[in-house]
Amino acid sequence: MFVRVKRNGNHEYLQLVSSQRVDGKVRQRVLGTLGRRDLLEQSDDLRGLLVSLGKFVRRAAVLTEHRAGNTQALWTRSLGPALLFGRLWEKMGLPAVLAEELADRKFGFSVERAVFLTVLHRVMGSAGRSDRAAEKWREGQLIPGVEDLELQHLYRAMAWLGEELDKSQQADATPFSPRCTKDRIEEALFARRRDLFAGLTLAFFDTTSLYFEGEGGDTLGRRGHNKDHRPDLKQMVLGVVLSGEGRPVCCEMWPGNTTDVKTLVPVVKRLRGRFGIKRVCVVADRGMISDGTIALLEDKLPGIRYILGARLRSDHEVRDTVLSWPGAYHEVHAAKGHSKSPAPLKVKDIRFTAEDGRERRYVVCHNVEQARKDRADREAIVKSLEDQLKRGARSLVGNKGYRKYLACEEGKVFEIDQAKVKAEERFDGKWVLRTNWSEAKASEIALRYKDLWRVEAIFRAAKTVLQTRPIYHKCDETIRGHVFCSFLALVLMKELEDLLEARGLELEWADVLRDLEALRVTRLTSGAATCDLRAMPQAVAGKVLSAAGVALGPTLRFLDEQESTSEESKV
């Protein structure tokens, strides 16, 4: 392809010509006429054409040098995490929410960028659990606006998130902790996304404990029942509220010696005050239930419904009355037809007036598959116990699985208590729920309680994938900010899960994170220019980015083009 001069009368014209071989002979084909030579030479049109063509020549030159190994890589950074979760961060309106809260504050750095960096570090589940680790992790990432952040900025951002509000804004505080900046952010985020919560008529609540390596702040670090089996360390209690669709609504933090039973009623009151909820059904596990808690819910919060798990063995009303109640079960789900079918479920609805004069409603749930498993496990324990007894019984006393089936006769003779073995059969595959939701079907109550298991999955994510524990901060406000960033990470994770589900994509979380991390950009320098070369998305990364509506742009981009694009976006 070349440019030739074609004379026509008194003028010369420039033509773009292509040479082709046809039937063994070279033929020339005119692709187009550029114009009169004298006019083109007088104007800047040729120069503009040359500049435009030069871009493509420069691209080809850089790629040729790169393939030949003649370019120098200045750095390589991961692009995928910030690209994907940055889009979700913007979509959810978090920058605007933070900007509104920061309107009257004069920080000398971008607090929004510091919070985003910390949250992104939690989402990616990267090595290390501290803000110091987040700052180091940042060096291998391409995250806009975080280049000038220092470790002290991350600490100050955490402290701001957990900062106690003034006394005029403490109306909805619990007896265990004050209202903080993070509470206002939760409320503003809820208001912006209210349509997604459908009025929040169903809320799931559960708690866990998070331990400290140090003292655990001024008030949060206390000794208590440690679910992480670390009684040697101080801890705090973390509660999370989810909507019926599994979306995180808010998180609560209390001193580590606060019992679960004490937290339920204050949380329910806060839900009504903070989010304008008039009718809500709280679903909580069996650790939340007590006669005092239920009485408070029914007497002081009459508009609140509850579904609470009941203890089968220690609650005499459940053990002696409810489980012995006559009547047939109603089938909700039959035995599994294939692996993706729901677990089999049967329910029995029981209503009566108790000795204290209050109306009771219980729902007994039964899973035949779980019943078979419970029976097989018990038979295996008994069989092993029989074998152990032949070799001596002293080692069995400390084993809880064995001990509950042992009986000790006079003279310290241990034997299997067949009555206890028989009594355990009545609990096989069963769980019991207590509720005041009188108009709901028993099947709906059972299914809503099963949804509570999603909360437990979120806590597993918070403790492992998000690296929330252990916590090294020494002040209450930075501890609250640290944990709240993990909560925001859960919000981002749920947002992505919903997008993938809408596209019909069932992807492993570990695969998503791995392939996002593998989407990298390398800054190259050569004799031709300095540019950024982006890798192609691998495996599931392309699907995830597409689901979030992220466009990757050109594979090769020169620095002067990036500066031009940046200036155009500002205009």
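A: The account below begins with the salt bridges and then turns to a helix, a sheet and a surface patch. The model is predicted, and the structure holds 36 salt bridges.

One of these joins Asp 299 to Arg 358, with the closest N and O atoms 2.9 Å apart. The pair links distant parts of the chain, 59 residues apart: Asp 299 belongs to helix H11 (residues 291-300), whereas Arg 358 sits in the loop between strand E11 (345-353) and strand E12 (359-366).

Asp 511 and Arg 514 provide a local case, their side chains meeting in a salt bridge of 3.0 Å, N to O. Both residues lie in helix H19 (residues 509-517), three residues apart, which is about one turn of the helix. An α-helix has 3.6 residues a turn, so residues three or four places apart point the same way. Asp 511 counts as partly exposed at 26% relative accessibility, and Arg 514 is partly exposed with a relative accessible area of 47%.

Salt bridges also form a network, which links Arg 179, Lys 182, Asp 183, Glu 186, Glu 187, Glu 252, Arg 270 and Arg 274. Helix H8 (residues 181-192) should span 16 Å with its 12 residues at 1.5 Å a residue, and its end C-alpha atoms are 17 Å apart, which agrees. Among the buried residues of H8 are Lys 182, Asp 183, Glu 186 and Glu 187, which are also members of the network. Thr 181, Ile 185, Leu 189 and Phe 190 are buried in H8 as well.

Attention now passes to the sheet. Four strands form an open sheet in the order E4-E16-E17-E18, with antiparallel pairing. Strand E4 (72-78) and strand E18 (556-558) stand at the edges with a single partner strand each, so one side of each has no neighbour in the sheet. On average, neighbouring strands of this sheet are turned by 20° against each other, direction ignored. Strand E17 (residues 530-534) runs antiparallel to E18 and is joined to it by three bridges. Cys 531 stands opposite Phe 558 in E18.

The C-alpha atoms of Glu 65 and Ser 526 are separated by 7.5 Å, although the two residues are 461 residues apart along the chain. Glu 65 counts as partly exposed at 22% relative accessibility.

Finally, Val 3, Leu 34 and Leu 49 make a nonpolar surface patch of about 230 Å². Leu 34 has its place in strand E3 (residues 25-36). Leu 34 is partly exposed, with a relative accessible area of 35%, and therefore passes the requirement of over 30% that applies to patch residues.

Key: Residues numbered from 1 in each chain as written. Predicted model: local features only at pLDDT ≥ 70, side-chain atom pairs only at ≥ 80, totals over all residues. Heavy atoms only, no water. Patch = residues over 30% accessible without salt bridge, like charges linked within 9 Å, V, L, I, M, F, W, Y side chains within 5 Å. Areas by Shrake-Rupley, 256 points an atom, 1.4 Å probe, with all protein chains shown as cover. Salt bridge = Lys/Arg side-chain N within 4 Å of Asp/Glu carboxyl O. Helix = DSSP H or I, 4+ residues; strand = E, 2+ residues; numbered from the N terminus. Buried < 20%, exposed > 50% of the residue type's maximum accessible area, 1.4 Å probe, protein only. Pairing = 2+ DSSP bridges. Axes fitted to C-alpha atoms, helices over the stretch in contact; angles between N-to-C directions. Expected span 1.5 Å × (residues − 1).
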